[in-house]
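Good morning, and thank you for the time.

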Amino acid sequence: MPLSLADIRAAAARIHGRILRTPSIENPAVSSACGARVSLKLDNLQATGAFKERGAANRLALLSERERAGGVIAMSAGNHAQAVARHSTLLGIASTIVMPRFTPSNKVLRTEGFGARVVLHGETLAEAASHAHHLAREQGLTFIHPYDDPAVIAGQGTLALEMLEDAPDVEALIFPTGGGGLVTGCAIAAHALRPGLPVFGVEVEGYQAMRQRLAGQPVQVGGPTIAEGIAVRDVGELPLEMLRRLGVEILVVPERAVEQGIALLAEGAKVVSEGAGAAGVAAILTYPERFAGKHVGTVICGGNIDPRILSNVLLRNLLRDGRLLRLHLDIPDRPGVLADIATRVAEAGGNVIEVSHQRLFAAPSVQTAELELMIEVRDRAQADAIVAALEAGDYVVRRG
């Protein structure tokens, strides 16, 4: 193997004090929903909100004096950018980060806030990467790869050392998988410390690049995903080689399961996770037969989710669970009707949180109006009771 447990232990010693030794927790709500005993490694608590600091800190600590003086460059639209920026600044190294032009301004500002010079170039990550390599050659900068680098992989593997210290009786480990650095480093550590311990990677349906490469299939990826942190086209060649040798299986989860995982972590464990960070929980929810009753460890590898996206995910989950009721009614356009409807909803215990009342264009007749209600309820039974109460008043009710 190009990397060993000794390399990962050396990385752990090298970055000690530079990164947070994050806790592992067990949460009853998460374990109950998953049907397994789940240990959550909270690397979303790192200073930049993600595990990427481990690999970046280790790689930067290994730079020669000449490389430090020359500065470093990286390509990233998110967590790797902030990790390289932060740890370069801590070491007094000048850093340049190339980000695609579409990168949200908050990520650009956070990266600049950690001390990096940000260059916006290209429409895609591939174009940004090509430009970063060009600048590295032109300006004599050292390129810090996000996952296809032995030192970065060793740094990410320190996470598994901590997980197995905190939960030595764990029966399976699950790691979100993009380019492959995290799952590779952790699989090397786990297989050395606990031979035979199952280690799984997780990819989202639209981006199965690692699974496809391991299976010898052409890579076909694309489309929108909430798990953008693991949405890659090009996986690392070194991680690919090592995962193949280690026999790590890649599990694939649907978008809905990732959203469910984000909501479960937020509501059940009071933990904020980005899409990629919730992929491990999504895998346990998606493959209950694999993990039922077992002690499973996974990592919340990042917590950098846009507040608006988080809000939408939580609301969508409430709708799916039947805790938000959306109703459409065609009602007579006369005084007192809205008051009667509100009274019926209240008497059934519902809480109206949004009302849309349209007279001019949506209603089928000038004598009627269209009413749309968003109602907070405890469960589906209470929702059914509210619909029944409205229908008892001769209202025609359609669920949205």
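**Salt bridges and a helix crossing**

K41, D43, R54 and E162 are linked in a network of salt bridges, a salt bridge being a side-chain nitrogen of Lys or Arg within 4 Å of a carboxyl oxygen of Asp or Glu. The model is a predicted one, where local features need pLDDT of at least 70 and side-chain atom pairs count only at pLDDT 80 or more, while totals for chains, interfaces and linings use all residues. Residues are numbered from 1 along each chain as its sequence is written, and side-chain values use heavy atoms, with hydrogens and water left out.

By this rule the count comes to 23 salt bridges. One of them joins D149 and R59, at 2.9 Å from N to O. D149 lies in the loop between β6 (142–143) and α8 (150–166) and R59 in helix α3 (residues 52–61), so the pair ties together parts that are 90 residues apart in sequence. Helices (H or I, at least four residues) and strands (E, at least two) are DSSP runs, numbered from the N terminus.

Are these two residues buried or exposed? D149 has 12% relative accessibility and counts as buried; R59, at 14%, is buried also. Buried means under 20% relative accessible area, exposed over 50%, and partly exposed in between (1.4 Å probe, protein chains only).

R323 forms a salt bridge with D321, with the closest N and O atoms 3.0 Å apart. R323 is partly exposed at 23%, and D321 is partly exposed at 38%.

I turn to the helices. A257 and L264 are among the residues of α12 that meet α13, where V281 and L285 are among the partners; contact means heavy atoms within 4.5 Å.
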